[in-house]
Amino acid sequence: MDNKTNMAVARPARPREFVKYIVGFVLSLALTLVAYEVVVDYQHGSLYSHDTRLLIIAALAITQLMVQLVFFLNVADEGKPRWNLMMLMFAGMVIFILVAGSLWIMHNLNYNMTQRKSTTQVNNYLSSQDGL
């Protein structure tokens with residue numbers, strides 16, 4: 001039996017791959033610093049509105065994701081791009097469900113705890129549950 005068919009063979013990194021990793025690192029660092037500057041600018045009196053800042057940070061996050069996928073995870077270099085697309089779509093769906101579900105739960109908890117009951121009712125209920 002041939003051992004090379006079952007084992008991954010370590011190969012030295014080519015100069016082109018090294019340059020690709022350096023470019024990816026520099027782009028990731030630049031995107032992170034720009035996002036940091038947008039957040040720090042908010043704390044010192046911003047030129048942008050709140051909604052514009054959120055859009056900028058979301059766009060930077062999506063761009064950062066693409067840089068990570070292309071430069072470090074080598075998604076574009078795969079032989080079967082359809083499987084990669086399906087994998088990314090499934091991961092996006094899971095992330096969407098987690099984020100949307102968490103926001104929905106937090107919104108309902110906030111509504112139920114503040115709008116429908118007074119704080120004294122909530123405090124009385126919580127203190128009566130201490131024996132559980």
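A word on the background. This is a predicted model, where local features need pLDDT of at least 70 and side-chain atom pairs count only at pLDDT 80 or more, while totals for chains, interfaces and linings use all residues. Residues are numbered from 1 along each chain as its sequence is written, and side-chain values use heavy atoms, with hydrogens and water left out.

Now the overall picture. The protein has four helices and zero strands, and from the N terminus its elements run α-α-α-α. Helices are DSSP runs of H or I with at least four residues, strands are runs of E with at least two, and both are numbered from the N terminus. Of the 132 residues, 12% count as buried.

Back to Phe72. How many aromatic pairs does the count come to? The count comes to one aromatic pair. The ring centres of Tyr21 and Phe72 are 6.1 Å apart and the planes lie at 5°, so this pair is stacked. Tyr21 sits in helix α1 (residues 15-43) and Phe72 in helix α2, so the pair ties together parts that are 51 residues apart in sequence. For the rule itself, rings of Phe, Tyr and Trp (its six-membered ring) pair if their centres lie within 6.5 Å; planes under 30 degrees apart are stacked, over 60 edge-to-face, and the rest tilted. Tyr21 is partly exposed too, because its relative accessibility is 35%.

Let's stay with α2. Its 23 residues should span 33 Å at 1.5 Å a residue, and its end C-alpha atoms are 32 Å apart, which agrees. The expected span is 1.5 Å times one less than the number of residues. The buried residues of α2 include Leu60, Val67 and Phe71.

What comes just after? Val75 is in the loop between α2 (50-72) and α3 (81-114). Is Val75 buried or exposed? Val75 counts as buried, because its relative accessibility is 18%. Beyond its neighbours within four places in sequence, Val75 contacts Leu69, Asn84 and Leu88, where contact means heavy atoms within 4.5 Å. The C-alpha atoms of Val75 and Leu88 are 9.8 Å apart.

Finally, Met93 lies in helix α3 and is partly exposed, with a relative accessible area of 44%.

How values were computed
Buried means under 20% relative accessible area, exposed over 50%, partly exposed in between (1.4 Å probe, protein chains only).
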